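Dear colleague,

I am handing over the structure below, together with some notes on what was found in it. Please read the notes with the model open beside them.

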Amino acid sequence: MKKWGKQIMLLTLVAALTVVLAACGGKKEDTSANSGNTATENTTNGSTSETASPEKLSGTIDIDGSSTVYPITEAMAEEFGKEHGEVRVSVGTSGTGGGFKRFINGETAISNASRPIKEKEAASAKEKGIEYLELMVAYDGLSIVVNKDNDWVDKITIDELKKIYEPNSKVKTWADVRAGWPNEEIKIYSPDANHGTFDYFTEEINGKAQESRNDKQVTFSADTNAIVQGVAGDKNSIGYFGYSYFEENQDKLKLIPVDNGTATVAPSQDTIKDGSYSPLSRPLLIYVNKKHMEKAEVKSFVEYYLQNVGSIAKEVGYVALPQERYDEQLSKLK
């Protein structure tokens with residue numbers, strides 16, 4: 001009896017140990033499962049999320065400046081927002097000059113520009129401690145446009161454009177520009193003095209930036225769409241603006257090829273890119289405040305911009321740079 005009692009006790013002890021070990025094993029599996037759930041929750045709600053997803057960004061990026069560059073930057077802001085919905089990118093259109101004023105005062109992180117920064121503006125920025133990066137994003141060509149019903153202008157020379165737009169111009173009618181054109185008063189449209197487009201056109205055509213006729217025959221506008229509507233609404237009108245605005249409104253306007261003395265060329269994706277649309281092809285730029293670049297959302301946006309603007313540029317009516325030029329500029333951000 002004692003023999004069997006000892007055996008029973010031994011078997012009971014083994015069974016008990018088996019239960020304990022099984023219980024411990026089960027507890028270990030539960031702990032592992034719970035640990036996994038905890039990690040998932042932390043990844044979603046806690047600091048682990050920031051470690052696992054460093055690209056999660058928030059904040060506001062203020063941009064202002066050229067209305068010509070606006071369509072590109074606005075498109076970039078929309079695409080960037082699809083990936084970074086917590087970042088608010090605000091894009092204004094106060095003109096290149098107006099944008100630089102805000103940029104120099106430290107009010108914006110990025111300034112759109114349809115001309116390079118002027119020496120005076122650069123000096124003001126330096127005086128106020130604003131350091132910046134200059135980045136080229138695309139090419140553009142200024143388009144000379146007339147009304148759809150204009151059947152007498154098939155091309156125009158640089159000298160004829162100067163006769164129309166130069167300071168103290170004596171041109172009143174189309175006949176004053178070229179013999180044989182109608183004796184009808186010209187209605188002239190132009191971007192205003194805050195536009196980089198105005199600076200570029202006056203420098204290339206009149207020989208000095210900001211030098212232009214300023215009389216009752218000229219309508220200056222800060223809004224490029226107002227120039228489109230003005231030219232579209234008057235048979236005797238003429239105006240100029242960036243090529244993308246013509247592409248958007250080509251059903252309302254007539255595009256005029258320019259005779260530069262060597263060839264007569266109309267702006268297009270190809271002629272702007274290869275430089276044959278001269279002298280009215282130009283670079284489009286953005287200026288980035290270096291201090292703002294220290295913010296993750298600004299640096300990520302600028303990187304995204306340069307990585308993707310080449311494919312967006314053509315969609316909004318501009319000409320992309322060679323890829324190596326974008327790569328070269330991306331290296332500046334490091």
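To follow the first finding, you need the term pocket: on a 1 Å grid over the protein atoms alone, a pocket is an open set of points where a 1.4 Å probe fits, with protein on both sides within 12 Å along at least five of seven lines, and its lining residues have an atom within 4 Å of a point. Please keep in mind that this is a predicted model, in which local features need pLDDT of at least 70 and side-chain atom pairs count only at pLDDT 80 or more, while totals for chains, interfaces and linings use all residues. Residues are numbered from 1 along each chain as its sequence is written, and side-chain values use heavy atoms, with hydrogens and water left out.

The largest pocket is lined by 15 residues, and those nearest its centre are Gly97, Lys101, Arg115, Lys118 and Glu121. Two elements, α4 (95-104) and α5 (119-127), each give two or more residues to this lining, and the largest share, four residues, comes from α4. Helices here are DSSP runs of H or I with at least four residues, and strands are runs of E with at least two, numbered from the N terminus. The volume of the largest pocket is about 280 Å³, where grid points are joined across faces, edges and corners and the volume is the space filled by probe spheres set on the points. By residue type, the lining divides into seven charged, five polar and three nonpolar residues; Asp, Glu, Lys and Arg count as charged, Ala, Val, Leu, Ile, Met, Phe, Trp, Tyr, Cys and Pro as nonpolar, and the others, Gly among them, as polar.

Next come the strands. Strand β12 (residues 281-289) is largely enclosed by the rest of the structure, because eight of its nine residues are buried, a word that means under 20% relative accessible area, with exposed meaning over 50% and partly exposed in between (1.4 Å probe, protein chains only). Strand β4 (residues 132-147) runs antiparallel to β12 and is joined to it by nine bridges, with Leu133 standing opposite Val288. Strand β3 (residues 110-113) is also antiparallel to β12, through four bridges, and there Asn112 has Ile286 as its bridge partner. Two strands are said to pair if DSSP finds at least two bridges between them.

Strand β1 (residues 59-65) pairs with β2 in the parallel sense over five bridges, and Asp62 has Ser90 of β2 as its bridge partner.

Leaving aside neighbours within four places in sequence, Ile61 is in contact (heavy atoms within 4.5 Å) with residues including Val87, Val89, Ile110, Val298 and Phe301.

Finally, several loop residues deserve a look. A cis peptide bond, with omega of about 10 degrees, joins Ser278 and Pro279, and Pro279 lies in the loop between α10 (269-273) and β12. Asn168, in the loop between α6 (158-165) and β6 (187-191), has a positive phi near 60 degrees although it is a residue other than glycine, and it counts as exposed because its relative accessibility is 66%. Gln210, likewise not a glycine, has a positive phi of about 75 degrees; it lies in the loop between α7 (196-206) and β7 (218-221), and at 34% relative accessibility it counts as partly exposed.

With best wishes
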